Amino acid sequence: MLQVKRDIRMIERRPVGLLVLQGYVDSMDSMALERAIDEIYAQDVFDIVLDVTQVSHISSAGWSVIVSKLSLLGGLLSAHPLLGLGHG
C-alpha cells in the first residue's frame, strides 16, 4: 500500500513540489502516484522531488508513471532518494 504526502516548498525563490512516498508502488498505486504528480503540476509547479527513501518496491507500472511524467515535465522530475527530506 502506498502513502503519499504532498508539499510545496520555496527553494531559491522557486516552488518545488515534494512527494514523500511510503510503502510500495504496485499497479493499483501507480494511479495515485500519477494523480499526486498531476495535482502538483496543476499548481504551476514544474520541479518535483520524489522522496523514495521509505519505498520498498516500485513496480513497472510505477516506473512507467515516473518516466512518462519526466518526459511531460521536460526532465524536471527528480526521482532519486534524498535522505531526510520531508522528515523530522
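## Surface and overall layout

Accessible areas here come from the Shrake-Rupley method with a 1.4 Å probe, and for residues only the protein chains shown count as cover. On that basis, the accessible surface of the chain comes to about 5200 Å², with 56% of it belonging to carbon and sulfur atoms.

Before we look further, a word on the source: this is a predicted model, in which local features need pLDDT of at least 70 and side-chain atom pairs count only at pLDDT 80 or more, while totals for chains, interfaces and linings use all residues. Residues are numbered from 1 along each chain as its sequence is written, and side-chain values use heavy atoms, leaving out hydrogens and water.

The chain has two helices and four strands (DSSP runs numbered from the N terminus: helices are H or I with at least four residues, strands are E with at least two). Starting at the N terminus, the order is β-β-α-β-α-β. Of the 88 residues, 36% count as buried (buried is under 20% relative accessible area, exposed is over 50%, partly exposed is in between, with a 1.4 Å probe and protein chains only).

## The nonpolar core

A nonpolar core is a set of buried Ala, Val, Leu, Ile, Met, Phe, Trp, Tyr and Cys residues joined through side-chain atoms within 4.5 Å. The largest one here has 16 residues, and Leu19, Leu21, Leu33, Ile37, Ile48 and Leu50 have the most contacts inside it. Strand E2 (14–25), helix H1 (27–41), E3 and H2 each give two or more residues to this core. Its largest share, five residues, comes from E3.

Take Leu19 as an example: beyond its neighbours within four places in sequence, its contacts (heavy atoms within 4.5 Å) include Val4, Ala36, Ile37, Ile48 and Leu50.

## Helix H1, face by face

H1 has 15 residues and reaches 21 Å from its first C-alpha to its last. Its buried residues are Asp29, Ser30, Leu33, Ala36, Ile37 and Ile40. Seen down the axis of H1, these fall within an arc of 120 degrees, so they line one face of the helix (the arc is that of the directions from the helix axis to the C-beta atoms). Cover for them includes strand E1 (2–11), E2, E3 and H2. On the other side of H1, Met28 and Arg35 are exposed.

## A buried serine in a loop

Ser59 sits in the loop between strand E3 (47–58) and helix H2 (60–72). Ser59 is buried, at a relative accessible area of 13%. Leaving aside neighbours within four places in sequence, Ser59 touches Val25, Asp26 and Ser27.

Note on methods:
The expected span of a helix is 1.5 Å times one less than its number of residues.
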